[in-house]
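Me: Please take me through this structure in questions and answers.

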Amino acid sequence: MSIPTDRPATWFVTGTSRGLGLELVVQVLQRGDNLAATTRTVERLTTALDGRVDTSKLLALNVDLRDSDAVGRAVEETVSRFGGLDVVVNNAGYGYLGAVEEASPDDVRDMLDVQVVGVWNVLRAALPVLRGQRSGHVVTVSSVLGLTAVPGWALYCAGKFAVEGISEALAAEVADFNVEVTIVEPGYLRTDFLTTDALALPAAPSDAYPAIREMVHSHLELQGNQLGDPVKAAERMIEKVVAGGGPLRLVLGSDSHAYATAKVEALRANLDAARDTAAATDHPRA
Ligand SMILES: NC(=O)c1ccc[n+]([C@@H]2O[C@H](COP(=O)([O-])OP(=O)(O)OC[C@H]3O[C@@H](n4cnc5c(N)ncnc54)[C@H](OP(=O)(O)O)[C@@H]3O)[C@@H](O)[C@H]2O)c1
């Protein structure tokens, strides 16, 4: 069990003004738990919550996740307001749809700043608290694209593959401190993720990739018809934290499960084919 049962738990969730993050805010507050919600726009969060839930246990914080000091102050403020911290959810993220050679240096830095440096800033600030109290749960929202890569999503995959690696290592590092780690791998979720103001695109697209332009079109068309329900996704995430234990990865959506399974099978076939050549580079055993 990584959260308390004798008092309300305290959650710290990033990227909360819409989508999955907003659903988590609503459901955590409905449980009667305390919640620090970070966002780039507290005003949008407050408007989105208006009348939906009692916000007396909400600490809404304007935080630039790329700024390590700002993240540190947000965690301190959370502990000071609620007297502790039990669950950290790294949720903030955005998609980028373009070919590898179309991503500018700024596109690459922006994505990794939010999805990797930002997550690391939260971990660096929160882990001493969880470790010190010898309990807690870190949940990081990856994607099925943290496990498998498809054309057009290389930059997004770079961020999500990175958080998979960080989280896998972290899980082993903090197990002895009774701190749990969960990696969430949704497929398509019906949030704002594929809207034109959320999905980032290359500033200078190349004529060489008509298939990727078609993908951009079909993804924008998909908006509103994605298979996954963010309300149910938030429910499953909260359930897993409350129950504690279970596998490292929480795969959400039958689309995600199918893509992940295909990746594992392809990797298995690759490993089988590589067995002899892999061993051929060893020094002879003494
Ligand atoms: N929707 C999907 O199909 C899907 C699939 C797999 C994984 N995911 C992952 O699920 C998580 C939640 O996404 P969502 O589906 O809820 O999408 P969303 O509706 O677009 O919400 C994304 C949230 O992330 C934050 N965010 C977006 N861009 C940011 C930036 N540049 N800097 C800092 N924060 C930023 C926003 O927070 P504020 O505006 O409040 O700051 C926003 O509330 C993300 O990590 C996403 O990668 C989504």
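Me: Is the crossing of α4 and α5 left-handed or right-handed?
Reply: The model is a predicted one, in which local features need pLDDT of at least 70 and side-chain atom pairs pLDDT 80 or more, whereas totals for chains, interfaces and linings use all residues. Residues are numbered from 1 along each chain as its sequence is written. A crossing is left-handed if the near helix is turned anticlockwise from the far one by less than a right angle, and right-handed if clockwise. By that convention, the crossing of α4 and α5 is right-handed.

Me: At what angle do helix α4 and helix α5 pack?
Reply: Helices (H or I, at least four residues) and strands (E, at least two) are DSSP runs numbered from the N terminus; here the pair is α4, residues 105-133, and α5, residues 154-174. Axes are lines fitted to C-alpha atoms, for helices over the stretch in contact, and angles between N-to-C directions run from 0 to 180 degrees. The two axes lie 9 Å apart, and the packing angle is about 15°.

Me: How are α4 and α5 oriented to each other, given this angle?
Reply: Angles under 35 degrees count as roughly parallel, over 145 as roughly antiparallel, 65 to 115 as roughly perpendicular and the rest as oblique. The angle of α4 and α5 is about 15°. The two helices are therefore roughly parallel.

Me: Which residues of α5 make the contact with α4?
Reply: Two residues are in contact if their C-beta atoms, placed from the backbone, lie within 7 Å. The α4 side includes D107, M111, W120, L127 and R131. On α5 the contact is made by L155, Y156, A158, G159, K160, A162, V163, I166, L170 and V174.

Me: How many nonpolar residues are in the contact of α4 with α5?
Reply: Ala, Val, Leu, Ile, Met, Phe, Trp, Tyr, Cys and Pro count as nonpolar, Asp, Glu, Lys and Arg as charged, and the others, Gly among them, as polar. In this contact two residues are polar and three are charged. The nonpolar residues number 16.

Me: How far apart are the axes of α1 and helix α7?
Reply: Helix α7 covers residues 230-243, and α1 packs against it at about 55°. That angle makes α1 oblique to α7. The crossing of this pair is right-handed. The axes of α1 and α7 are 9 Å apart.

Me: Which residues of α1 make the contact with α7?
Reply: From α7 come P230, V231, A233, A234, E235, M237 and I238. By class, the contact of α1 with α7 has nine nonpolar, two polar and two charged residues. The α1 residues are G19, L20, E23, L24, Q27 and V28.

Me: Within what distance do the axes of helix α3 and α4 come?
Reply: Helix α3 spans residues 68-82, and its axis crosses that of α4 at roughly 35°. This crossing is right-handed. The contact includes V71, V75 and V79 of α3 and V122, A125 and V129 of α4. The axes of α3 and α4 come within 8 Å.

Me: Which residues are closest to the ligand?
Reply: A residue is near a molecule or strand if its C-beta atom, placed from the backbone, lies within 6 Å of it. In total, 26 residues surround the ligand. By class, this shell has eleven nonpolar, twelve polar and three charged residues. The closest are G15, S17, G19, G93 and F193.

Me: What is the phi of R134?
Reply: R134 is located in the loop between α4 and β5 (136-141). A residue is buried if 20 or more other C-beta atoms lie within 10 Å of its own, exposed if 12 or fewer, and partly exposed in between, with C-beta atoms placed from the backbone. R134 has 11 such neighbours and therefore counts as exposed. Its phi, a positive value in a residue other than glycine, is near 55°.

Me: What is the phi of N178?
Reply: N178 is in the loop between α5 and β6 (179-186). It has 16 C-beta neighbours inside 10 Å, so N178 counts as partly exposed. Its phi is positive, although the residue is not glycine, and is near 65°.
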